[in-house]
There are 2 protein chains.
Amino acid sequence: MPVQDRQIEERLAEAGVRYTAGRRHVVSALERVDGPLSAAELHLEMGGAVPVSSVYRTLAVLEEAGVVEPHHGARGITRYEMAEWLAGHHHHLVCIECGAVEDIELPAPLEVELERLVGQVSSWASFSAGGHSLEVDGRCARCR
Amino acid sequence: MPVQDRQIEERLAEAGVRYTAGRRHVVSALERVDGPLSAAELHLEMGGAVPVSSVYRTLAVLEEAGVVEPHHGARGITRYEMAEWLAGHHHHLVCIECGAVEDIELPAPLEVELERLVGQVSSWASFSAGGHSLEVDGRCARCR
DNA sequence: GCCTATAATGAGAATCATTATCAACAAGCC
DNA sequence: GGCTTGTTGATAATGATTCTCATTATAGGC
Ligand SMILES: [Mn+2]
Ligand SMILES: [Mn+2]
Ligand SMILES: [Zn+2]
Ligand SMILES: [Zn+2]
């Protein structure tokens with residue numbers, strides 16, 4: 001029961017929902033993989049332990065509580081990953097062939113620069129900026 | 001018939017498809033608006049002149065030919081905009097409230113830096129990079 | 001202009017991800 | 001144990017997108 005799990009439990013308590021076995025399953029699957037997963041992919045990753053309809057509802061609950069974040073990809077597929085306050089800030093390599101998403105981290109100096117720019121350009125556009133994400137698309141090692 | 005249209009005609013010819021009236025309608029609607037549009041939104045924008053099923057097919061043809069590019073948003077909705085070689089390279093401010101997407105341009109120096117980083121981190125990940133896009137999410141002026 | 005081959009269109013059916021329902025179930029509390 | 005309320009899971013409904021196929025338009029060849 002790592003620190004993370006305590007924080008998640010707490011966050012769900014604040015949201016007024018229980019941290020049930022099914023929800024723990026989904027969280028632990030998301031923690032174990034390295035990029036965002038769709039409901040169907042999660043269902044498989046858990047060996048069918050949690051039915052698809054429950055995966056969807058669980059993801060909605062976790063998103064509402066701020067534990068996971070959605071990522072909208074090709075073919076109308078939404079994948080989820082642990083929220084940034086749990087997984088750390090990062091960006092994505094997206095394969096235009098198979099849709100796989102890989103996490104990447106930028107070197108701190110560029111990240112700082114980006115952060116500064118985002119604030120600047122946002123205020124100029126009267127836009128209240130929350131997060132940001134750099135998406136690089138191309139072909140993954142398997143799809144070359 | 002602006003320069004753009006010549007280039008598009010040429011590109012479609014290379015792709016071995018015709019630049020028909022319906023396809024011209026869709027292109028001109030996308031050129032006239034200021035953010036990416038979905039198939040349904042395009043259908044409306046054109047006053048129903050092109051049936052929805054044809055809009056979808058047309059967008060697929062235009063994407064295949066590299067004339068338009070998809071943008072994947074919430075609720076499984078895909079919106080299209082003119083490709084970068086026609087509209088210019090830019091990034092996006094995405095409103096988490098109403099879904100509106102606004103185009104932004106980064107200052108050249110940061111763009112150069114980004115480009116360099118994208119190439120670097122991609123080769124390290126055995127990833128063949130195509131384009132990249134920085135998405136900033138937050139609340140637009142209207143939704144504050 | 002007319003013919004023919006081929007590309008494109010449009011109405012509707014089919015598909016697929018997601019969401020809503022609702023009856024059965026589990027947890028917390030007295 | 002009963003009671004209350006949150007949770008689950010099978011299934012139906014929804015909505016965006018894709019497919020099908022009969023019809024129509026277009027480009028050449030004559
Ligand atoms: Mn990620
Ligand atoms: Mn744009
Ligand atoms: Zn791939
Ligand atoms: Zn807005």
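This is a predicted model: local features need pLDDT of at least 70, side-chain atom pairs count only at pLDDT 80 or more; totals for chains, interfaces and linings use all residues.

Residues are numbered from 1 along each chain as its sequence is written, chains are lettered from A and ligands numbered from 1 in the order in which they are written, and side-chain values use heavy atoms, with hydrogens and water left out.

The two protein chains meet through 38 residues of chain A and 38 residues of chain B that are in contact, where contact means heavy atoms within 4.5 Å. The size of an interface is often given as the accessible area lost when the parts come together. Between chain A and chain B the buried area is about 2,900 Å², and carbon and sulfur atoms give 70% of it; the term stands for the accessible area (1.4 Å probe) that two parts lose on being put together, summed over both. Of the area that chain A buries against chain B, 20% is supplied by His72(A), Leu110(A) and Phe127(A), more than by any other three residues.

DNA strand C is surrounded by 13 residues, the closest being Tyr56(A), Thr78(A), Arg18(B), Thr20(B) and Arg57(B); a residue is near a strand if one of its heavy atoms lies within 4 Å of it. Of the atoms of DNA strand C that come within 4 Å of the protein, 68% belong to sugar and phosphate. Polar contacts, which are pairs of N or O atoms within 3.5 Å, include one between a phosphate oxygen of DNA strand C and a polar backbone atom of Thr78(A), 2.8 Å apart. From chain B, a polar side-chain atom of Ser54(B) lies 2.8 Å from a phosphate oxygen of DNA strand C.

Sugar and phosphate make up 69% of the atoms of DNA strand D that come within 4 Å of the protein. A base nitrogen of DNA strand D is 3.2 Å from an N or O atom in the side chain of Ser53(A), whereas a polar side-chain atom of Tyr56(B) lies 2.4 Å from a phosphate oxygen of DNA strand D. The largest share of the surface near DNA strand D, 3 residues, comes from helix α4 (residues 52-64) of chain A.

In chain B, the manganese ion (ligand 2) is coordinated at 2.0 to 2.3 Å by Glu81(B) (OE), His90(B) (NE2), His92(B) (NE2) and Asp103(B) (OD), donors being N, O and S atoms within 2.8 Å of the metal (3.2 Å for Na, K and Ca). Along the sequence, these donor residues are spaced E-x8-H-x1-H-x10-D. His90(B) counts as buried because its relative accessibility is 7%, and His92(B) counts as buried because its value is 3%; buried means under 20% relative accessible area, exposed over 50%, and partly exposed in between (1.4 Å probe, protein chains only).

Finally, Leu30(A) has its place in helix α2 (residues 21-32) of chain A, and it counts as buried because its relative accessibility is 5%. Leaving aside neighbours within four places in sequence, Leu30(A) is in contact with several residues, including Leu37(A), Leu59(A), Val68(A) and Tyr80(A). Leu30(A) and Val68(A) are 38 residues apart in sequence, with 8.8 Å between them in space, C-alpha to C-alpha.

Methods:
Helices (H or I, at least four residues) and strands (E, at least two) are DSSP runs, numbered from the N terminus. A polar contact is a pair of N or O atoms within 3.5 Å; within protein, one must be able to donate a hydrogen and the other to accept it, and residues adjacent in sequence count only if both atoms are side-chain atoms.
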